[in-house]
Number of protein chains: 2
Amino acid sequence: MPLSTAEIASALADLVGSDNLVTDATHMGAWLNEPRKRFHVPAAAVVTPPDLAAVQAVMAWAHAHGVAIIPQGGNTGLVGAQVPRSGGEVILSLQKLDRIRSLDLAAGVMVAEAGVILETAHKAAEDAGAMFPLWLASQGSARIGGVLSSNAGGVNVLAYGNARELTLGVEAVLADGRLYRGLNALKKDNTGYDLKDLLVGAEGTLGIITAASLKLYPLPEDYETALVNVASPQAALEMFQLMRQRAGARLNAFELIPWIGLDFQLRHNMLDRDPTASASPWYALIELTRMAGTAPGALQSSLEAAFEAGLISDAVLAESLADRTRMWAFREQMSECQSREGASIKHDVSVPIAAIPALIAEGSAAAEKLVPGIRPVPFGHMGDGNIHFNFSMPLGADPKAFMAEFDEAMHEAIYEVVLRHGGSVSAEHGIGQLKVDLLERVKDPVALEMMRAIKTALDPKGILNPGKMLRAAP
Amino acid sequence: MPLSTAEIASALADLVGSDNLVTDATHMGAWLNEPRKRFHVPAAAVVTPPDLAAVQAVMAWAHAHGVAIIPQGGNTGLVGAQVPRSGGEVILSLQKLDRIRSLDLAAGVMVAEAGVILETAHKAAEDAGAMFPLWLASQGSARIGGVLSSNAGGVNVLAYGNARELTLGVEAVLADGRLYRGLNALKKDNTGYDLKDLLVGAEGTLGIITAASLKLYPLPEDYETALVNVASPQAALEMFQLMRQRAGARLNAFELIPWIGLDFQLRHNMLDRDPTASASPWYALIELTRMAGTAPGALQSSLEAAFEAGLISDAVLAESLADRTRMWAFREQMSECQSREGASIKHDVSVPIAAIPALIAEGSAAAEKLVPGIRPVPFGHMGDGNIHFNFSMPLGADPKAFMAEFDEAMHEAIYEVVLRHGGSVSAEHGIGQLKVDLLERVKDPVALEMMRAIKTALDPKGILNPGKMLRAAP
């Protein structure tokens with residue numbers, strides 16, 4: 001028989017003490033209110049274990065009593081992985097495990113606990129003269145455990161990879177409280193199955209990441225950044241190929257932005273001045289890293305080659321930090337500027353890079369057919385094949401009516417195009433509880449069977465974040 | 001009751017036809033004789049399925065009858081993963097699945113079947129104007145399925161990663177014949193557990209990789225290569241840090257070679273002339289890629305900075321392809337030159353990069369204490385923390401007596417040092433059957449439990465490469 005909420009509260013108080021426990025629903029807002037205000041299910045309790053042993057103790061107890069546990073980091077996830085689904089769950093916040101355990105510059109590794117805020121990790125690396133190159137809009141509140149559990153991406157995946165590639169090893173508490181000691185600082189280690197990559201991106205359904213060894217990179221001497229006019233997504237694709245050919249791994253970012261994004265931001269006074277060279281239907285924000293040993297000028301010479309090849313029509317090179325900051329603000333405000341234009345329907349999708357022009361053309365056409373006057377705002381990480389394929393409501397539409405009428409149908413229409421091009425319905429944000437049904441429809445059925453078998457093997461009672469990623473066992 | 005060898009032969013003949021089957025032990029040499037001639041167990045049969053459906057049919061049959069199957073690629077593995085252990089197994093060679101299914105330059109991906117020889121994959125990429133950057137000594141016979149199943153490394157891991165990082169997705173036949181369709185061409189896809197990375201490096205114990213989507217890279221315009229005199233492993237480490245700081249991701253290789261390697265190769269006439277600038281206790285082979293858009297000279301300016309900082313005493317920059325080829329031959333002949341000096345005891349280990357000087361000093365001291373006059377030959381991928389920590393027998397020793405007396409004790413001594421520094425007892429070559437006992441002793445026990453649980457979940461009858469990686473179920 002499941003424990004009552006009162007029994008859960010009492011047992012947790014015994015385990016971790018009342019300082020590490022919230023049982024009054026009116027005080028749970030910080031852990032329940034997620035960024036998009038989409039999920040509104042209460043929790044049985046919130047527990048904030050003060051140390052690793054307490055995490056183990058909570059899990060051993062939860063396992064013995066069949067209590068569902070939701071691991072939570074900074075509560076910044078967008079698909080509801082970190083908040084309740086059924087209402088009987090306990091949120092286990094890692095926020096108090098917030099130490100940088102070690103930082104070894106020569107070895108190129110930092111061991112950070114799950115509760116370390118991403119920005120704090122950035123700062124620790126920089127203070128040591130290095131870089132942890134994972135930048136997200138939510139870096140001021142996202143925590144390492146959640147960043148890894150969602151395999152977060154961000155703006156520099158092109159050069160450095162996503163969270164998975166930036167992680168050498170993890171430590172994790174398993175469903176029954178056992179501790180997996182997988183921290184290491186090795187670039188090469190072929191001794192067994194890749195448990196690290198299984199836990200990274202598992203959204204807390206296979207184990208609770210409590211610490212990670214993270215790769216450090218040398219700081220570039222500087223960056224070469226430009227905002228480039230391209231006539232179409234196809235021209236942007238060709239420009240991307242040229243940049244890859246000329247810059248290789250120095251290519252740090254290649255972001256696609258449509259003209260409507262500039263229009264939004266200028267109209268809402270979100271930029272101190274126009275960062276572009278001139279009007280263009282599309283822009284590409286291109287950035288190269290330059291290390292100390294390499295002469296400057298690679299981006300400029302590449303832009304000259306692109307002009308000569310007729311790939312681009314105009315461009316502006318950042319000549320100061322202020323220029324670079326403004327160009328990046330233009331990119332980073334793309335989500336915010338949409339919210340000033342009323343309701344929008346969003347899709348975080350990826351396709352093979354070469355299919356981006358077709359994705360944008362076919363997706364926009366499908367949307368306009370469904371909702372005449374809808375305003376497509378596709379933007380994002382072209383270099384990773386990852387487009388935030390968003391749509392702002394038609395001018396003058398009623399936001400609530402627009403969402404109620406078209407949200408589902410738009411998803412159907414866009415995912416159809418994405419899947420037809422061999423793409424992914426969740427490039428960065430994951431599955432959580434939002435996309436569980438979608439995943440069941442679109443994923444290879446054998447892959448789903450393998451996932452269920454692994455889930456059952458590592459969490460036989462199904463207490464770790466049940467109903468996230470995979471449908472809960474009946 | 002297990003099937004007899006005759007029953008196995010008869011059933012397989014029905015399934016795949018006699019053209020795809022070898023049952024006469026005298027004709028099995030190509031599949032049984034592995035490179036180091038360390039394993040000598042016969043197989044019940046060798047089956048070479050002509051297509052994917054036949055692989056599935058063999059596995060469905062093997063699952064129904066409890067027949068152990070050993071997947072095999074080019075038979076180049078060094079730890080016995082690909083050859084029999086008990087004698088009752090069937091070797092399933094992927095050699096006939098040898099098509100490049102597709103190559104899309106714009107998407108940066110090539111889909112190769114498991115039986116494609118690595119060198120053939122290189123050639124296909126180059127013919128299309130791109131690069132598949134995984135180079136191994138055995139690339140003329142190693143096949144993609146084995147390369148991925150062993151998560152092979154090689155000389156350019158520093159810049160491009162090992163096989164795991166070079167693979168976007170895999171297709172695999174599971175233990176019961178089901179087909180996992182995980183090929184994709186996406187750089188970002190957060191829809192479910194990372195099954196790709198679980199299958200890569202699993203040595204065929206969780207599924208049989210039948211095809212993979214592999215990343216293509218743009219070809220560099222050229223390389224800048226130098227052979228540099230460094231006084232010690234510590235100086236080499238500092239030089240490595242300087243190169244990382246000045247060259248970042250352009251640093252393509254940083255290989256450490258001891259003077260004794262030059263001595264061996266010159267005495268055995270393995271080099272047309274001395275590739276080094278002058279005598280030095282240690283050398284570092286350093287290489288940068290240069291893409292078309294970047295000006296030449298980064299390596300030269302870095303070497304000048306290193307001279308000024310007193311990190312290096314002399315160096316020679318490759319001025320021709322012949323120079324570069326000779327420098328790389330010097331590195332690549334390190335294993336071969338040892339075999340001309342009699343018996344040697346080898347260890348493929350890694351440690352955090354900063355611990356390499358201590359590893360070499362302490363490991364060499366321990367070896368010399370155990371075997372006075374033993375000749376340490378540590379060399380390899382310093383930039384990855386991966387040293388091939390080899391030892392040639394003392395001058396004039398008897399090879400057989402040396403091996404018989406010291407092989408085990410030397411392993412114990414070196415692994416003790418490696419583990420004390422947080423290292424790995426198998427950086428590149430894997431576990432196979434050679435290191436199963438060792439793994440049980442040194443691996444985190446919870447990691448082993450997780451591995452066993454996953455193995456049982458995906459191969460409940462234990463028919464996929466039993467006794468490799470993990471001890472066979474009793």
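**Reading packed rings and helices**

Mentor: Let us begin with a charge and a ring: the charged end of B:Arg324 sits over the ring of B:Tyr223, 4.0 Å from the ring centre. A charge sits over a ring if NZ of Lys or CZ of Arg is within 6 Å of the ring centre and within 35 degrees of the ring normal. In chain A, the charged end of A:Arg324 sits over the ring of A:Tyr223, at 4.1 Å from its centre. Please note that this is a predicted model, in which local features need pLDDT of at least 70 and side-chain atom pairs count only at pLDDT 80 or more, while totals for chains, interfaces and linings use all residues. Residues are numbered from 1 along each chain as its sequence is written, chains are lettered from A and ligands numbered from 1 in the order in which they are written, and side-chain values use heavy atoms, with hydrogens and water left out.

Trainee: How many aromatic pairs does a search of the whole structure find?

Mentor: A pair of aromatic rings is described by the distance of the centres and the angle of the planes. Rings of Phe, Tyr and Trp (its six-membered ring) pair if their centres lie within 6.5 Å; planes under 30 degrees apart count as stacked, over 60 as edge-to-face and the rest as tilted. The search finds 10 aromatic pairs over all chains. The rings of A:Phe402 and A:Phe406 have centres 6.1 Å apart and planes at 55°, so this pair is tilted. These two residues, A:Phe402 and A:Phe406, are 4 residues apart in helix H14 (residues 399-420) of chain A, and so about one helical turn separates them. Helices (H or I, at least four residues) and strands (E, at least two) are DSSP runs, numbered from the N terminus.

Trainee: Are A:Phe402 and A:Phe406 buried or exposed?

Mentor: Both A:Phe402 and A:Phe406 are buried. Buried means under 20% relative accessible area, exposed over 50%, and partly exposed in between (1.4 Å probe, protein chains only).

Trainee: At what angle do helix H16 of chain A and helix H16 of chain B pack?

Mentor: Two packed helices are described by the angle between their axes and the distance between the axes. Axes are lines fitted to C-alpha atoms, for helices over the stretch in contact, and angles run from 0 to 180 degrees between N-to-C directions. Helix H16 (residues 445-458) of chain A and helix H16 (residues 445-458) of chain B pack at about 140°, with axes 9 Å apart. H16(A) is therefore oblique to H16(B); angles under 35 degrees count as roughly parallel, over 145 as roughly antiparallel, 65 to 115 as roughly perpendicular and the rest as oblique.

Trainee: How are H13(B) and H14(B) arranged?

Mentor: Helix H13 (residues 356-370) and helix H14 (residues 399-420) of chain B pack at about 155°, with their axes 9 Å apart. H13(B) is therefore roughly antiparallel to H14(B).

Trainee: Where is B:Val79 found?

Mentor: B:Val79 lies in the loop between strand E3 (69-72) and strand E4 (90-93) of chain B. This residue, B:Val79, is buried, with a relative accessible area of 4%. B:Val79 touches residues including B:Phe39 and B:His429.

Terms used
Contact means heavy atoms within 4.5 Å. Lists of a residue's contacts leave out its neighbours within four places in sequence.
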